[in-house]
Amino acid sequence: MGKDVIIACDFASKEQVLSFLDKFTGRKPFVKIGMELFYAEGPEIVREIKARGHKIFLDLKLHDIPNTVKKSMAVLSRLDVDMTNLHAAGTISMMEAALDGLTRPDGTRPLLIAVTQLTSTDQERMENDLLIKEPIDKVVMHYAGNAAKAGLDGVVCSPLEAGKVHDTCGKSFLTVTPGVRFADGDIGDQKRVMTPAEAKKISSDYIVVGRPITAAEDPVAAYERCVAEFVD
Ligand code: C5P
């Protein structure tokens, strides 16, 4: 798996996502399907987008007891997605069970990526709500280390953390980074952002890009610009 741009298809319905994807008549982008679309349309939307020739990152962030996660991952694996994820907070044994469930009878499996601390969780909330008193950077790196120990393929992280994750967990441990904006674009509600070209420099493996592409006047041109800056 090489570097790639993943489009976050944060749409509420099948009609919206398919009319968006219809614009891409040439190269078929790698797309991320999140909870909103999955809960609205069910597994059929995954099959339909896959059948159109797209790679799929199914972003459902599983977090439950190991047995439940293992069985759920087996179901997701049969959907033939290319990448999926879970919360590292579910512990190493949950992550190991997830990998086990995700592995198909022929030994192949989708990539499995861990969420460390959500970017919506800051130091204060982590200390007060979760009673985790360590600095958040240390917690993120510890969770990334746990994911690597469990045999996962990588983590979702800020592009600003990608270099440190590679230093700690190895060059082949994947970093999947949202929070990407064009140098001349709107930041929106993202706080810490990087351009696709900067994300390439600090060796992110995959960038996840939503509104800079989905809300662009010409989404295909915006996607091609991301690819040109990040991959080519
Ligand atoms: O529109 P935008 O480019 O901000 O979309 C980024 C995508 O990445 C969204 O689907 C968002 O939920 C996801 N994401 C994020 N930050 C994280 C984890 C996921 O922005 N820490």
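# Briefing: buried residues, ring pairs and ligand surroundings

Both Phe-24 and Tyr-223 are buried (under 20% relative accessible area, where exposed is over 50% and partly exposed is in between, with a 1.4 Å probe and protein chains only). The model is a predicted one, in which local features need pLDDT of at least 70 and side-chain atom pairs count only at pLDDT 80 or more, while totals for chains, interfaces and linings use all residues. Residues are numbered from 1 along each chain as its sequence is written, and side-chain values use heavy atoms, with hydrogens and water left out.

**Aromatic rings**

- Five aromatic pairs are counted; rings of Phe, Tyr and Trp (its six-membered ring) pair if their centres lie within 6.5 Å, with planes under 30 degrees apart called stacked, over 60 edge-to-face and the rest tilted.
- One of the pairs is Phe-11 with Phe-20, a tilted pair at 5.2 Å centre to centre and 45 degrees between the planes.
- Phe-11 and Phe-20 are both buried.
- Phe-24 and Tyr-223 form an edge-to-face pair, with 5.7 Å between centres and 85 degrees between the planes.
- Phe-24 is in the loop between helix H1 (14-21) and strand S2 (30-34), and Tyr-223 is in helix H11 (residues 219-230), so this pair ties together parts 199 residues apart in sequence.
- Helices (H or I, at least four residues) and strands (E, at least two) are DSSP runs, numbered from the N terminus.
- Phe-11, Phe-20, Phe-24 and Tyr-223 are linked by ring pairs into a cluster.
- The charged end of Arg-225 sits over the ring of Phe-182, 4.1 Å from the ring centre; this term requires NZ of Lys or CZ of Arg within 6 Å of the ring centre and within 35 degrees of the ring normal.

**Asn-85 and its surroundings**

- Asn-85 is in strand S4 (residues 83-87) and counts as buried because its relative accessibility is 0%.
- Its side chain makes a polar contact with the side chain of Asp-59 at 2.7 Å; a polar contact is a pair of N or O atoms within 3.5 Å, where within protein one must be able to donate a hydrogen and the other to accept it, and residues adjacent in sequence count only if both atoms are side-chain atoms.
- A polar atom of the Asn-85 side chain also lies 2.8 Å from the backbone nitrogen of Lys-61.
- Leaving out residues up to four places away in sequence, Asn-85 touches residues including Phe-57, Met-73, Leu-112 and Val-115 (contact means heavy atoms within 4.5 Å).

**Ligand**

- The residues around the ligand include Ala-8, Pro-178, Arg-181, Gln-190 and Gly-210, each with a heavy atom within 4 Å of it.
- A polar side-chain atom of Thr-119 lies 3.0 Å from a nitrogen atom of the ligand.
- Taken alone the ligand exposes 460 Å², and the protein buries 81% of that (Shrake-Rupley method with a 1.4 Å probe; for residues, only the protein chains shown count as cover).

**Positive phi values**

- Most residues other than glycine have a negative phi.
- Lys-61, in strand S3 (residues 56-62), has a positive phi near 50 degrees and is partly exposed at 25% relative accessibility.
- Asp-80, in the loop between helix H4 (66-78) and S4, has a positive phi of about 65 degrees and is partly exposed at 38%.
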